[in-house]
Structure formats: C-alpha cells, structure tokens
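Subject: Structure handover

Hello,

Here is the structure for your files. My notes on it follow below.

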Amino acid sequence: EEKIERLQVGAQINLFIETLGSPMFVNTFDEDKLEYIFVNKYYYVDAITEKNGNVIQYAVTSRTSEIG
C-alpha cells in the first residue's frame, strides 16, 4: 500500500498515527522507549520510539501475499 511508503525512521510517531490510524497496542519497551503496534487487514506495523515520539525503528509484517 502507498500508505507504508510515507513511513520512515526519524519521523515523529504522529506521522504513523496520521497514516495508519490509532495503534492497537502501546507498550513500554525498555525504560526510555515505547512500542506502537498498528494492525490492519493487510499488515502489522511495529514502531519503536524514544519517549519524545521520535521513531528509531519500525517493521512491517504482511498478513497476505497481496501486499505490493
């Protein structure tokens, strides 16, 4: 999907939320990081941020073979 192409390391988590909608889960990851998990019909996106909302890594996992 074209939405995924907007995502990038170094962006604020608000870009991910604006692009993907509300995360299904938000977890504390280490003492100074947060993990946001977004779920839709086609893929999962797992984003790790610093406390200030800066995305330091993310992963996209397909839920279907149809993702381009």
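Valine 39 has tyrosine 44, in strand 3, as its bridge partner. Strands (E, at least two residues) and helices (H or I, at least four) are DSSP runs, numbered from the N terminus.

This is a predicted model, in which local features need pLDDT of at least 70 and side-chain atom pairs count only at pLDDT 80 or more, while totals for chains, interfaces and linings use all residues. Residues are numbered from 1 along each chain as its sequence is written, and side-chain values use heavy atoms, with hydrogens and water left out.

Strand 2 and strand 3 run antiparallel and are joined by seven bridges. They belong to an open sheet of four strands in the order 1-2-3-4, with antiparallel pairing; two strands pair if DSSP finds at least two bridges between them. Strand 1 and strand 4 (55-62) each have a single partner strand, so one side of each has no neighbour in the sheet. On average, neighbouring strands are turned by 15 degrees against each other, direction ignored. Helix 2 packs on this sheet and touches strand 2, strand 3 and strand 4. The direction of helix 2 makes about 160 degrees with that of strand 3. Axes are lines fitted to C-alpha atoms, for helices over the stretch in contact, and angles run from 0 to 180 degrees between N-to-C directions.

Threonine 19, in helix 2, is buried, with a relative accessible area of 6%. Buried means under 20%, exposed over 50%, and partly exposed in between (1.4 Å probe, protein chains only). Leaving aside neighbours within four places in sequence, threonine 19 is in contact (heavy atoms within 4.5 Å) with Lys3, Arg6 and Leu7. The threonine 19 side chain also reaches the backbone oxygen of leucine 15 at 2.7 Å.

Aspartate 30 sits in the loop between strand 1 (25-29) and strand 2 (33-39). Aspartate 30 is exposed, at 52% relative accessible area, and has a positive phi of about 65 degrees although it is not a glycine. Most residues other than glycine have a negative phi.

Regards

Conventions:
A polar contact is a pair of N or O atoms within 3.5 Å; within protein, one must be able to donate a hydrogen and the other to accept it, and residues adjacent in sequence count only if both atoms are side-chain atoms.
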